[in-house]
Amino acid sequence: MTKSWSRPAAPLPRVAPSLTIDRDVSHRSRGAFPMSQRNLILLWLATAVSYACYVRGEQNPYARHVASGLAAIDEGSLERIPSRELFDGAMRGMVRVLEQHGDEHSQFLSDEQADPLRSEIRQQFGGIGVRLRFVGDPPRLVIAFPPEAGTPAANADLRAGDHILAIDERPTEKLVMDEVIGLMRGEPGSTVRLTIQHEDERASRTLELVREIIEIESVFGDKRGPDGQWDFQLPADPRIAHVRVVMFGDRTALEFAHAIEQSQAGGARAVVLDLRDNSGGALEAAVAVCDLVLPAGLTVVETRGRDGELRRRYDTSGMGRYLNLPLAVVVNRDSASAAEIVAASLQDYRRAAVVGERTFGKGTVQQLVPVGNKSLLKLTWASFWRPSGVNLHRMADAPADGSWGVLPDAGLELRLSDEELEAYVNYRRQRDLGDAAYLMEAGAKDGDSTPSDEFIDRQLMIAVDHLRAQLDARQSPLAP
């Protein structure tokens, strides 16, 4: 699923506007108003809120009709339906109308569906700090990597290869991964009860761990080391770092800068920014990444609303630290939305070569609107336009050769066949898991053949060759 969301400066109007009052807790402010004046202020506030609701209702009289319909069903239907289900159904029905009018990216997220998205945006959740996999046949839930130091899992002496037999008394053999994640995550400070069996022991033990805030990484390297940490520099040419942004969240720009600094400290002098399979994320995060590598005063992207009205222009701040770092961006058919903003901006300013294949073509931005208790309406509220003034959105009836998406630079195109794409996914999975974890998941043994033994990442190699030529030219005595 492709996605891009934003927190616009001017939020869309809400059907049920809320009123917040800043509270001054200083001693002088407490009880400062006489009773009659306080009542007058409360009356004024109540009048203002009532008038706002009246105006909203006059703008869209159907709001009143929807409320009347909900009330009629709630009071008179033969079967009593929970009000929450009626509300969720009404929201989904309105979203279906948007879909019928060509908006395929708006979505209503119930309370349960909205929580994972919030965690993804914030890049953090309440957990114990383990990466889990189902391995073997029948599948067993195991810890894939050593827990990071300082996490509840590390402090409890959990280890890579440990078998988790039960979570809060629920046997894991009957669970799917979504259920596992739902049980493992929770509010920081809450507890989770695990039944654990070490790989080299027969006896099991039961532990209670207190969840803490765990951060979600959005920037990956070329391969995981034995300790689960990322290696960014390419073994074939340590002058080049392979930095993969898999989604755009609140901490992505910081992680990206850290990856560059770590790579430069190891001797890297150029970066392949890999956006393959990146389906998007926060628009502001994409702008922040561009801001690190572009000079001041350049427009990264514009957002436009109905009838092409300019909503906001995002310009670089001049805080970029990596203005002269050679870059190549790799994209594929599943690079979308925020990933396309980055690729298009760097391409338009000739800051980086774009390598690979045409991107997905999602040129719209969704705003996250709180509705109900914890649920969200992910509403398409604007289109985005690259610096060259082009909206790259692919319409439903767009021809295959239409002007949508981000096209690779001339001479740097390479579209993978379906068979090559499947081989790439398996190869990438091994490098992401690490050799030991991959073999564990596959039920294989040390010395068995793995995808990395035979697969060549040709799209990555095109980007590497392009950067090598730049680096070699800089070293040439004839170079200016």
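Here are a few notes on the aromatic contacts in this predicted model.

1. Ground rules: local features need pLDDT of at least 70 and side-chain atom pairs 80 or more, while totals for chains, interfaces and linings use all residues. Residues are numbered from 1 along each chain as its sequence is written, and side-chain values use heavy atoms, leaving out hydrogens and water.

2. I see four aromatic pairs listed for the structure. Rings of Phe, Tyr and Trp (its six-membered ring) pair if their centres lie within 6.5 Å; planes under 30 degrees apart are stacked, over 60 edge-to-face, and the rest tilted.

3. F87 and F108 have ring centres 6.1 Å apart and planes at 80°, so this pair is edge-to-face. F87 belongs to helix α3 (residues 83-100) and F108 to strand β2 (residues 107-109), so the contact ties together parts 21 residues apart in sequence. Helices (H or I, at least four residues) and strands (E, at least two) are DSSP runs, numbered from the N terminus. F87 is partly exposed at 24% relative accessible area, whereas F108 is buried at 5%. The cut-offs: buried is under 20%, exposed over 50%, partly exposed in between (1.4 Å probe, protein chains only).

4. Y427 and F455 sit with ring centres 4.8 Å apart and planes at 40°, so call that one tilted. Y427 is in helix α10 (residues 418-433) and F455 in the loop between α11 (435-442) and α12 (458-475), 28 residues apart. Y427 is buried at 8%, and F455 also counts as buried at 19%. Together with Y424, they form one aromatic cluster.
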